[in-house]
Amino acid sequence: MGGVTYYLGDLNQSQQFKDPRPALGFLARYAINDRLAAKVNIFGGGIAGEYPSAGERYPIIHERPTTNSNVGGVVSGGEYEFSRALVSLGFMGEFNFRSFDHVFNKSESLWTPYITAGLGGTFYKSYAEDASGKTDFVLSLPFGLGIKYKISKWLRIGAEWTIHKTFADDLDLVEPKSGQINPNDPYGANYHTVTHNNDWYSFCGITITASMLPRKLSCNDGLRKFNK
């Protein structure tokens, strides 16, 4: 797998493919039949963001002493940026919209679009509790779509775009500094829930896979097997 990763969260709520970073990984796929497959993948990539950015504005962000009497001690704004690496692990299923690599209908099953979803996890460096940083792990829900094409008997190529919803709100948090926006709490409300304000990241790229084992099929009599 090769492509790019990018971030969606408090500092980038809607802009797709903003501040992309290179990503590289591996996947293993098991074809259950011509419509269904299961796979596991792992890739490493980067995410980045900044504030303020186009379309993202917050009201009161933090309080600090100021000599501006018009502000009254409350300052809105504050520049902020982050950049970090992450490692993503996923266990996912695929559903093909067309018959793919059918053993008895090869010429008409060379390609298919598909959807994919499953359960994943993310390793990243967290500053939530320790200013020096520590490696943390959080669960995620990856889902997306793709297309794949059978080049030869043993080789397939594809393109895939997945979005990963994490159950963490500190992917965009680096070592805090005075006078900066807090991306964990950009409105200064000091309120969090399990589902709200969680960070997301996406992967978009190409996949190249090679068949490693011969296909096993049952004969019509049910007594013998042969390799195709």
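## Briefing: pocket, salt-bridge network and surface patch

The largest pocket has a volume of about 1,200 Å³, a pocket being an open set of points on a 1 Å grid over the protein atoms alone, with protein on both sides within 12 Å along at least five of seven lines, and a volume being the space filled by probe spheres set on the points. This is a predicted model, in which local features need pLDDT of at least 70 and side-chain atom pairs count only at pLDDT 80 or more, while totals for chains, interfaces and linings use all residues. Residues are numbered from 1 along each chain as its sequence is written, and side-chain values use heavy atoms, with hydrogens and water left out.

**Fold**
- The chain has twelve strands and zero helices, these elements being DSSP runs of at least two residues for strands and at least four for helices (H or I).
- Of the 228 residues in the chain, 40% are buried, where buried means under 20% relative accessible area, exposed over 50% and partly exposed in between (1.4 Å probe, protein chains only).

**Largest pocket**
- The lining of the largest pocket comprises 35 residues, of which Ala31, Asp101, Arg156, Ser211 and Leu213 lie nearest its centre; lining residues have an atom within 4 Å of a point.
- Strand E2 gives the most to this lining, with six residues.

**Salt-bridge network**
- The structure holds seven salt bridges, each a side-chain nitrogen of Lys or Arg within 4 Å of a carboxyl oxygen of Asp or Glu.
- Glutamate 94, which counts as buried at 3% relative accessibility, forms a salt bridge with arginine 29, the closest N and O atoms being 3.1 Å apart.
- Glutamate 94 also forms a salt bridge with lysine 39, at 3.0 Å between the closest N and O atoms; because glutamate 94 lies in strand E6 and lysine 39 in strand E3, the pair ties together parts that are 55 residues apart in sequence.
- Lysine 39, buried at 5% relative accessibility, meets glutamate 160 in a salt bridge of 2.6 Å, N to O.
- Salt bridges that share partners join Arg29, Lys39, Glu94, Lys148 and Glu160 into one network.

**Nonpolar surface patch**
- Strand E8 supplies the largest share of the patch, three residues.

Note on methods:
1 Å grid on protein atoms, 1.4 Å probe; cavity = no way out; pocket = protein on both sides within 12 Å on 5 of 7 lines; lining within 4 Å.
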